Amino acid sequence: MDYYLYAWIFSVKKIPKAQKSGYVILTVVSIAYIVLFFVNSHKTYLALMESFDILKMIAPIILIVFFIMAMLNSSIDSKAISKHLGEDSGIKGWMIALIGGILSHGPGYVWYPMLQELRNKGAKDGLVVAFIYARSIKLPWLPVMISYFGVYFTILLSIYVILGAFIQGIIINKLQNRF
Amino acid sequence: MILKLKKASISTLQTLKTIAPMLFGIIGLVGLFKTFITPEMLHSLFNGSAFHDILVGTATGGVSVGQPFISYIIGGEFLKEGVSPYGVTAFILSFVTLGVVQLPLEFSIFGARFTLIRNILSIIFAILISWITTYTLGFFQ
């Protein structure tokens with residue numbers, strides 16, 4: 001067996017803090033399901049099915065995100081990251097963050113590990129925040145929004161969201177530099 | 001190069017292993033919220049005044065979960081039933097930008113300071129953007 005894989009599977013390292021709090025949440029949610037099952041078994045069953053549907057939906061996205069992360073880890077070094085997304089990234093950095101946010105697919109939390117990886121490698125916090133906020137523009141859903149609220153509303157909201165993402169990024173960068 | 005990629009894949013798997021329990025927990029929580037919090041429950045909180053509805057819209061959008069188009073459908077129903085456009089805009093905006101359910105995950109990945117500041121900014125901007133969007137829309141209608 002491959003040494004690295006072997007080392008990973010049998011690693012007896014201390015459980016990371018993030019993983020510990022994960023087990024706490026998982027336990028709390030499991031208890032909630034058990035309690036709610038006695039209160040309303042039908043609805044709880046529906047909730048469980050709903051969760052499985054979500055899992056099915058995000059599984060391919062998780063694969064893509066982790067593939068990107070593996071590529072980032074192996075081929076792009078911190079220097080390149082800080083050049084494109086770091087202190088001196090300028091307009092290009094903002095464009096990458098905003099457009100990347102708009103194009104990124106699926107629920108936001110799926111992207112968090114990759115974003116944290118980028119932060120560790122020197123990406124500015126402001127750009128990460130701009131990415132997360134720009135994610136509220138969902139290109140595939142825009143036609144649906146237009147059908148419900150009209151073209152003007154959709155265009156205005158999208159423009160303000162992009163502006164908002166940019167301003168929030170600037171605020172975060174200012175705060176980051178101060179503390 | 002191949003060794004590097006292998007190393008990187010292992011470290012990525014390590015990350016996946018670290019966040020897996022949290023991810024499963026959050027997905028379970030999302031399922032519960034989707035099933036137990038109904039649009040009728042949310043609607044009863046609005047009262048038609050712009051300021052009140054913006055705050056309620058931000059809060060209810062923050063605790064609701066689901067695909068973005070669900071917020072459009074619920075928001076469309078709210079509009080029909082007399083909730084102010086300010087409140088509806090705040091609802092659909094905070095539906096996608098705020099996630100009370102995923103806070104523990106965000107917290108454990110990004111750390112307390114980043115999560116706190118980001119979410120406070122999101123709340124402020126949900127209020128600001130919903131107000132300015134509805135206000136500007138008035139000029140086009």
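Trainee: Helices here are DSSP runs of H or I, at least four residues, numbered from the N terminus. Where is the place of A:Ile132?
Mentor: A:Ile132 sits in helix α7 of chain A. Keep in mind that this is a predicted model.

Trainee: Is A:Ile132 buried or exposed?
Mentor: A:Ile132 is buried, because 24 other C-beta atoms lie within 10 Å, and a residue counts as buried at 20 or more.

Trainee: What does A:Ile132 touch?
Mentor: Leaving out residues up to four places away in sequence, A:Ile132 touches A:Gly101, A:Gly108 and B:Arg118.

Trainee: And how many residues apart in sequence are A:Ile132 and A:Ile99?
Mentor: A:Ile132 and A:Ile99 are 33 residues apart in sequence, and their C-alpha atoms are 11 Å apart in space.

Trainee: Back to α7(A). At what angle do the axes of α7(A) and α9(A) cross?
Mentor: The axes of α7(A) and α9(A) cross at roughly 155° and come within 7 Å. That angle is over 145 degrees, so α7(A) is roughly antiparallel to α9(A). The crossing of the two is right-handed.

Trainee: Which residues make the contact of α7(A) with α9(A)?
Mentor: On the α7(A) side they include A:Leu127, A:Val129, A:Ala130 and A:Tyr133. On the α9(A) side, A:Val161, A:Ile162, A:Ala165 and A:Phe166 are among them. By class, this contact has 11 nonpolar, six polar and one charged residues.

Trainee: What about α5(A) and α9(A), at what angle do they pack?
Mentor: Helix α5 of chain A, residues 90-103, packs with α9(A) at an angle of about 135°, and the axes are 11 Å apart. The two helices are therefore oblique to each other. The crossing of α5(A) and α9(A) is right-handed.

Trainee: Which residues are involved there?
Mentor: α5(A) gives A:Trp94, A:Ala97, A:Leu98 and A:Gly101, while α9(A) gives A:Ile162, A:Ala165, A:Phe166 and A:Gly169. They divide into six nonpolar, two polar and no charged.

Trainee: Why give both an angle and a distance?
Mentor: Packed helices are described by the angle between their axes together with the distance between those axes.

Trainee: Zooming out, how many helices and strands does chain A have?
Mentor: Chain A has nine helices and zero strands. Of its 179 residues, 34% count as buried. Counting contacts in chain A with a separation of 6 or more, 81% come from residues 24 or more positions apart.

Trainee: Which residues of α6(A) are buried?
Mentor: The buried ones are A:Tyr112, A:Pro113, A:Met114, A:Leu115, A:Gln116 and A:Leu118. After α6(A) comes A:Gly122, with a positive phi near 110°.

Trainee: New topic: how many residues does each chain put into the contact of A with B?
Mentor: Chain A provides 53 residues and chain B provides 58. On the chain A side, α3(A) gives the most, with 13 residues.

Trainee: How do the residues on that side of chain A divide by class?
Mentor: They divide into 38 nonpolar, 11 polar and four charged.

Trainee: Last one, on chain B. How many residues of α5(B) are buried?
Mentor: α5(B) is mostly covered, with 13 of its 13 residues buried. This helix runs over residues 85-97 and reaches 18 Å from its first C-alpha to its last, close to the 18 Å expected at 1.5 Å a residue.

Conventions:
Residues numbered from 1 in each chain as written. Chains lettered and ligands numbered in written order. Predicted model: local features only at pLDDT ≥ 70, side-chain atom pairs only at ≥ 80, totals over all residues. Contact = placed C-beta atoms within 7 Å. Nonpolar A, V, L, I, M, F, W, Y, C, P; charged D, E, K, R; others polar. Axes fitted to C-alpha atoms, helices over the stretch in contact; angles between N-to-C directions. Parallel < 35°, antiparallel > 145°, perpendicular 65-115°, else oblique. Left-handed = near helix turned anticlockwise from the far one by under 90°. Expected span 1.5 Å × (residues − 1). Buried ≥ 20, exposed ≤ 12 C-beta atoms within 10 Å, placed from the backbone.
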